[in-house]
Amino acid sequence: MNLQDDPGAVLRELMPDRPPAGAFDLDGIVRDGYRARRRHRAVLAGASATSVAVIAGVLAVSITGLPGVIADPNGPPASETGPDTALSGYPQPGEEGFGDPDVAQALTEAGRDAFAPLLVDTGLFAASDFETVVNEPSEQEVQDYAAEHAVGLEEAEEALTYVADNGEFAFGGHMRPGNYGQVQLRSYLASVRTGLDEDGSGGRVLLDVEALLPGGWTDEPGPTSEQYFPQHLIDDDAAAFDRIELDDGRVLYTADDGCEQRAAVMYPNGSGLRATWNGCDGGPEVDAERFAEAVEAMPETDFDTADLQGVEEVVDVPPGWLASDDSWRPWAEDGAQSTAVAAGEVLGGLVPGAVLFDPWVTPELDPADPVDEDAVALRRYAMNGTMPVGDDPDVPFDLVYTLPGGWVPGFGDADFTGPYLADGSRGDCTETEVEGGGTAYVAQTLVEHDADPEMGIEDPWFAGEYEVTVVDPDGWAVMVRFSFSDPDFALTAEELTAIVAALPAPVYDEDAEPVFGE
């Protein structure tokens with residue numbers, strides 16, 4: 001079931017601190033060039049550290065500046081560059097993660113220019129809080145390092161140059177699931193929190209600004225919860241809501257709820273930007289007009305959308321749960337404990353000596369950091385245990401119960417996180433019916449690896465894994481995962497499937513229904 005309404009510069013030029021002397025000093029020019037590139041790369045690395053993952057090994061860039069990432073205002077509109085993007089999205093980016101340091105730094109520079117004055121005016125921040133501090137080694141330190149490690153000056157400069165403080169309000173790559181993971185939505189996100197604990201956790205989000213790549217969302221106002229697909233750019237449920245068509249083709253949306261201000265921009269190239277200032281519950285409030293002006297000041301960005309792909313068929317998914325929905329918490333811990341006791345008794349009867357340890361509930365009942373009110377999450381009881389297998393009396397395993405809502409049975413594609421529950425990227429995958437009318441999704445990996453002396457691995461080695469997920473007709477599922485290094489592991493995937501199929505139903509409130517974002 002898919003609910004949907006009617007549908008300063010890119011970077012400061014990182015030049016030497018001073019120009020070369022009048023004489024043609026080749027060594028000095030080369031040395032300053034090294035420094036400019038190293039500082040340049042350090043700034044970008046600092047920006048990418050806030051991303052989902054760091055993209056390494058980039059930037060063979062001229063010291064005269066970066067290629068622009070701010071979009072050409074005279075470029076073609078989105079409708080001329082591809083199909084409608086609302087029912088589109090991106091695959092998982094792979095090990096390299098998502099987040100272009102160039103784009104992140106450009107957005108950080110623009111965002112600080114637009115929003116830092118508002119934040120400084122609260123009295124909670126100083127202008128210096130919004131500066132990226134790069135540690136730049138002295139010439140002597142570079143030379144000493146190069147001599148000690150027998151490397152060139154550029155490599156020495158790179159090793160000694162790093163971001164000492166990324167500063168407040170730095171953008172990084174961000175992803176959120178579309179249709180419970182059938183696709184991913186990509187964006188760049190920057191937040192400012194107040195009231196942080198000493199370790200930097202907790203607190204509350206005062207300002208969120210998100211720059212969205214085209215794909216998986218619509219500028220039609222509506223609830224911004226991830227339960228909807230396409231998702232909405234901004235919610236019009238506010239005391240005062242306005243839509244303003246600007247002269248340059250952009251559309252500005254403002255939602256004034258007094259202590260909470262929201263605003264968004266739809267750009268001609270199909271990208272978007274949205275921001276929320278939450279001054280409620282005693283937080284500093286912001287002037288609605290100044291906040292809208294800050295949002296309007298953010299430039300259009302020319303994002304890389306090469307991976308954008310249309311959704312041929314939107315999977316029909318039972319409505320899922322908001323991570324911020326506390327309605328299950330009165331019974332969740334007791335339900336998890338009761339489930340663990342019942343499952344432990346069954347396991348102990350099938351495999352004498354099997355033990356289950358104390359369970360925990362996800363999403364966590366008391367998260368250390370604030371929960372995104374729009375995020376969805378699977379409701380699960382997770383636990384670890386040990387089981388005698390062959391001559392080993394204590395082989396560890398993972399056991400997870402997944403409650404109904406926000407997923408469908410089946411193997412998911414390796415490029416996506418859902419909505420199919422079983423992980424299709426884990427080796428050979430088979431599907432089989434089990435006793436009681438359920439279906440087992442069995443993934444097994446059995447791989448012999450060769451020795452690799454260059455990597456310090458002198459002998460061949462083996463890696464094995466079983467992951468068995470049984471989906472019950474009543475809509476819940478249970479998964480057990482074993483990892484092992486013995487090619488003669490004395491438990492087969494078929495035997496494990498029979499064990500998992502015999503596990504009892506979880507204890508939970510079967511009448512609970514998802515609360516939808518409003």
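This is a predicted model: local features need pLDDT of at least 70, side-chain atom pairs count only at pLDDT 80 or more; totals for chains, interfaces and linings use all residues.
## Terms and model

Contact, as used here for packing, means heavy atoms within 4.5 Å.

## Buried residues of helix 6

Within helix 6, the residues Phe291, Ala292, Ala294 and Val295 are buried. They span an arc of only 155° around the axis, and therefore lie on the same side of helix 6. The elements against which the buried residues of helix 6 pack are helix 3, strand 6 (204-212), strand 10 (251-257), strand 11 (260-266) and strand 12 (272-278).

## Helix 3 against helix 6

The axes of helix 3 (residues 101-120) and helix 6 (residues 288-296) come within 8 Å of each other and cross at roughly 160°. Since angles over 145 degrees count as roughly antiparallel, the two helices are therefore roughly antiparallel to each other, and their crossing is left-handed.

On the side of helix 3, the contact is made by Ala114, Phe115, Pro117 and Leu118, which meet Arg290, Phe291, Ala294 and Val295 of helix 6.

## Helix 4 against helix 5

For helix 4 (residues 139-149) and helix 5 (residues 153-160), the axes likewise come within 8 Å, but the crossing is at roughly 110°. This angle makes helix 4 roughly perpendicular to helix 5, and the crossing is right-handed.

Here Glu141, Val142, Gln143, Tyr145 and Ala146 of helix 4 meet Leu153, Ala156, Glu157, Ala159 and Leu160 of helix 5. The residues of this contact divide into seven nonpolar, one polar and two charged.

How values were computed. Residues are numbered from 1 along each chain as its sequence is written. Side-chain values use heavy atoms; hydrogens and water are left out. Axes are lines fitted to C-alpha atoms, for helices over the stretch in contact, and angles run from 0 to 180 degrees between N-to-C directions. Helices (H or I, at least four residues) and strands (E, at least two) are DSSP runs, numbered from the N terminus. Angles under 35 degrees count as roughly parallel, over 145 as roughly antiparallel, 65 to 115 as roughly perpendicular and the rest as oblique. A crossing is left-handed if the near helix is turned anticlockwise from the far one by less than a right angle, and right-handed if clockwise. Buried means under 20% relative accessible area, exposed over 50%, partly exposed in between (1.4 Å probe, protein chains only). The arc is that of the directions from the helix axis to the C-beta atoms. Ala, Val, Leu, Ile, Met, Phe, Trp, Tyr, Cys and Pro count as nonpolar, Asp, Glu, Lys and Arg as charged, and the others, Gly among them, as polar.
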